Amino acid sequence: MYCPRQCALIHVEGLWDDNRHTVRGEHGHRRVDSGADRTERGHVVLRAVPLWSERLGLTGRADAIEMHPDGSVVPVEYKIGGRHGDAASVQLCAQAMCLEEMLARDVPVGFVWYSKTRRRDRIPFDTALRQRTEAVILEVRKNLEAQRLPPAVDDARCTECQLIDSCLPEVVAHPGRVARHCAELLRCGS
Ligand code: SF4
C-alpha cells in the first residue's frame, strides 16, 4: 500500500534494500516474535502465528493472536513508531479474514499496538474495511501477475522509501529533466 512500484520492485524484481525504517521494524519484530505464548488477564496470547487464506490467496504471519475464554479470536499487530495511514488496518483486516477462513468463525475486531504511544487502537472489521482490503489484495495480485513495474510516484513517500537508490524515482519520473541536467553538465565541462 505504500507504493505500487515498491511492491513490484520487491516482489517482481526481487530487490531489497534496508533503511532505518526496515532495520527498526526488523529489530522490533524480532523482539515480538521471540516472545513465548502466554496467558494474560485470563486469555491466551499466541505469538508469530502462521496464517493463510485459500479464497484470498494469502499467506503470512500474525504478530499475536488473543484467544479469549468466550471463544473470541483477536489479532494484534505491533508497529514500531506511530500511526501512519490506514495500511496497518488493512493488514490486520487481511489477518482477520485469514483467521475466519482457517477457524470458521467470525473475527469482528483486532488491535494495532504502536510503540511510540505505547497504546493500541481498536480496529473494527466493518464492511468498508473488508472491501478496501480485498481491493488492495486484487490490485497487488493484478500487478504481480502482469509482472509490470508501475510508474514512480515521485512524491514525499520517496524520501522515506527503502528502495530510493534502486528505484531512482526522479530519473524515471522526469527523464527529460535529467537529460537537460546532463546536457548542462556536459556543456560546463567542455
Ligand atoms: S522511491 Fe518512490 S516511487 Fe520508488 S519505490 Fe520508493 S516510494 Fe515508490
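## A walk through the pockets and strands

The second largest pocket is lined by Met1, Tyr2, Cys3, Pro4, Cys7, Arg132, Val136, Glu139, Val140 and Asn143. Two elements give two or more residues each to that lining: helix 1 (4-11) and helix 4 (127-146). Helix 4 has the largest share, with five residues. Sorted by class, the lining holds seven nonpolar residues, one polar residue and two charged ones. The space in this pocket comes to about 180 Å³. Keep in mind while you look around that this is a predicted model.

### The cavity and its ligand

How many cavities of 30 Å³ or more does a search of the whole structure find? The search turns up one. The largest cavity has a volume of about 90 Å³, and the ligand sits in the largest cavity.

The shell around the ligand is made up of Cys3, Arg5, Gln6, Leu9, Ala152, Val153, Cys158, Cys161, Ile164, Cys167 and Pro169. Here the elements with two or more residues are helix 1 and helix 6 (164-167). Which helix gives the most to this shell? That is helix 1, with three residues. The shell divides into nine nonpolar residues, one polar and one charged.

Strand 2 and strand 3 run antiparallel, and so do strand 3 and strand 4. The table puts the two pairings side by side.

| Strands | Bridges | Residues facing each other | Residues between the strands | Glycine in the turn, phi |
|---|---|---|---|---|
| strand 2 (43-53) and strand 3 (58-67) | nine | Val44 and Met67 | four | Gly57, about 70° |
| strand 3 and strand 4 (73-79) | four | Glu66 and Val74 | five | Gly71, about 95° |

Each pairing is a hairpin. In the hairpin of strand 2 and strand 3, Gly57 in the turn has a positive phi. In the hairpin of strand 3 and strand 4, the turn residue with a positive phi is Gly71.

Strand 3 takes part in both pairings, with Met67 standing opposite Val44 and Glu66 standing opposite Val74 in strand 4. As a rule, side chains in a regular strand alternate between the two faces of the sheet.

### One aromatic pair

Last stop: the rings. The structure holds one aromatic pair. Tyr78 and Trp113 form this pair, with 5.6 Å from centre to centre and 50° between the planes, which counts as tilted. Where do the two residues sit in the chain? Tyr78 belongs to strand 4 and Trp113 to strand 5 (residues 109-114). They are 35 residues apart, and the pair links distant parts of the chain.

Notes. Residues numbered from 1 in each chain as written. Predicted model: local features only at pLDDT ≥ 70, side-chain atom pairs only at ≥ 80, totals over all residues. Heavy atoms only, no water. 1 Å grid on protein atoms, 1.4 Å probe; cavity = no way out; pocket = protein on both sides within 12 Å on 5 of 7 lines; lining within 4 Å. Points joined across faces, edges and corners; volume = space filled by probe spheres on them. Nonpolar A, V, L, I, M, F, W, Y, C, P; charged D, E, K, R; others polar. Near = heavy atom within 4 Å. Sits in = over half its atoms within 2 Å of the grid points. Pairing = 2+ DSSP bridges. Phe/Tyr/Trp six-rings, centres within 6.5 Å; stacked < 30°, edge-to-face > 60°.
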